[in-house]
Amino acid sequence: MSESSLVTYRVLNSKNINYRGGKTIKYIIPHCYVGQVTAKRGVDAFNSRNDASVHYVVGYEKGDIGQQVSEQFRAWCTGGDKTVRNQYGTFTGREIDFESVTMEIACDPKAPYAITDGAYANIVNLMADIAMRNNIDLKYTGDVADVGNPTKATVLLHRMFASKACPGEDIIQNCHR
């Protein structure tokens, strides 16, 4: 399994990981990192946590992408208190992480959690890179009815699995660009 060549800061030492258990990567899940941080600062912050991890951190500066967890592992990122039940099955954030690559995106510390143009460019480039390397056709609907069906949606939202506004409205608006 390859890693993104777009990464400018990589420290792969998180203990907060699991083996994917033979599952393939089907989804990308953006999250908002509530703070305008560099990729280095975001990765270092996650490396100091005992309860979470993330594959990538997209910093506010253009070209600023960090990596904390190898794509060959499941990061402890999505989680949450909601369970999605639809015609495709029952899904929790923890379960969906086994088939996902996750990214935290630097944003303002309050709603609408605005991102910089540099962060937006990073999201586009990183999602395209992840999709190419993992044979994912990027599709976004924002509808929980599409969770579990990668023929309909391959970009999922943290808020589908957790009672929070993650990712922020600014990130969602940019998904529609």
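Buried means under 20% relative accessible area, exposed means over 50%, and partly exposed is in between, with a 1.4 Å probe and protein chains only. Strands (E, at least two residues) and helices (H or I, at least four) are DSSP runs, numbered from the N terminus. In a regular strand, side chains alternate between the two faces of the sheet.

β7 pairs with strand β8 (residues 89–92) in the antiparallel sense, over 4 bridges. Two strands count as paired if DSSP finds at least two bridges between them. V84 has F91 as its bridge partner in β8. The two strands, β7 and β8, form a hairpin with 2 residues between them.

## Basis of the model

This is a predicted model: local features need pLDDT of at least 70, side-chain atom pairs count only at pLDDT 80 or more, and totals for chains, interfaces and linings use all residues. Residues are numbered from 1 along each chain as its sequence is written, and side-chain values use heavy atoms, with hydrogens and water left out.

## Overall fold

The chain has 4 helices and 9 strands. From the N terminus on, its elements run β-β-β-α-β-β-β-β-β-α-β-α-α. The radius of gyration is 15 Å, close to the 16 Å that the globule rule gives for 177 residues, so the chain is as compact as a globular protein of that length. That radius is taken over C-alpha atoms, and the globule rule is 2.2 Å times the number of residues to the power 0.38.

Along its principal axes, the C-alpha trace spans about 40 × 35 × 30 Å. Of the 177 residues, 50% count as buried. Among contacts between residues at least 6 apart in sequence, 71% join residues at least 24 apart. A contact means heavy atoms within 4.5 Å.

## The five-stranded sheet

An open sheet of 5 strands has the order β1-β5-β4-β9-β3, with mixed pairing. Its edge strands are β1 (9–10) and β3 (27–34), and each pairs on one side only.

β9 (residues 100–107) runs parallel to β4 (residues 56–58), joined by 3 bridges. Across this pair, V57 is partnered with E104 and Y56 with M103. β3 and β9 also pair in the parallel sense, over 8 bridges. Here I28 has V101 as its partner in β9, and I29 has T102.

β9 is mostly covered, with 8 of its 8 residues buried. S100, T102, E104 and A106 point one way, V101, M103, I105 and C107 the other way, and all are buried. β3 is mostly covered too: 7 of its 8 residues are buried.

## The largest pocket

The largest pocket holds about 420 Å³ of space. Of its 24 lining residues, the closest to the centre are R49, A52, C77, H158 and K164. On a 1 Å grid over the protein atoms alone, a pocket is an open set of points where a 1.4 Å probe fits, with protein on both sides within 12 Å along at least five of seven lines; lining residues have an atom within 4 Å of a point. Points are joined across faces, edges and corners, and the volume is the space filled by probe spheres set on them.

β3 gives the most to the lining, with 4 residues. Both β3 and α1 (39–47) supply at least two residues each. By class, the lining has 11 nonpolar, 6 polar and 7 charged residues. Ala, Val, Leu, Ile, Met, Phe, Trp, Tyr, Cys and Pro count as nonpolar, Asp, Glu, Lys and Arg as charged, and the others, Gly among them, as polar.

## Backbone and loop details

Most residues other than glycine have a negative phi, and most peptide bonds are trans. Two bonds here are worth checking. The peptide bond from A111 to P112 is cis, with omega near 10°; P112 lies in the loop between β9 and α3 (117–134). The bond from C166 to P167 is cis as well, with omega near -5°, and P167 sits in the loop between α3 and α4 (169–175).

Y113 has a positive phi of about 55° although it is not a glycine. Y113 is in the loop between β9 and α3. N135 also has a positive phi, near 55°, in the loop between α3 and α4. At 75% relative accessibility, N135 counts as exposed. E71, by contrast, counts as buried at 0%; it is found in the loop between β5 (65–67) and β6 (73–75).
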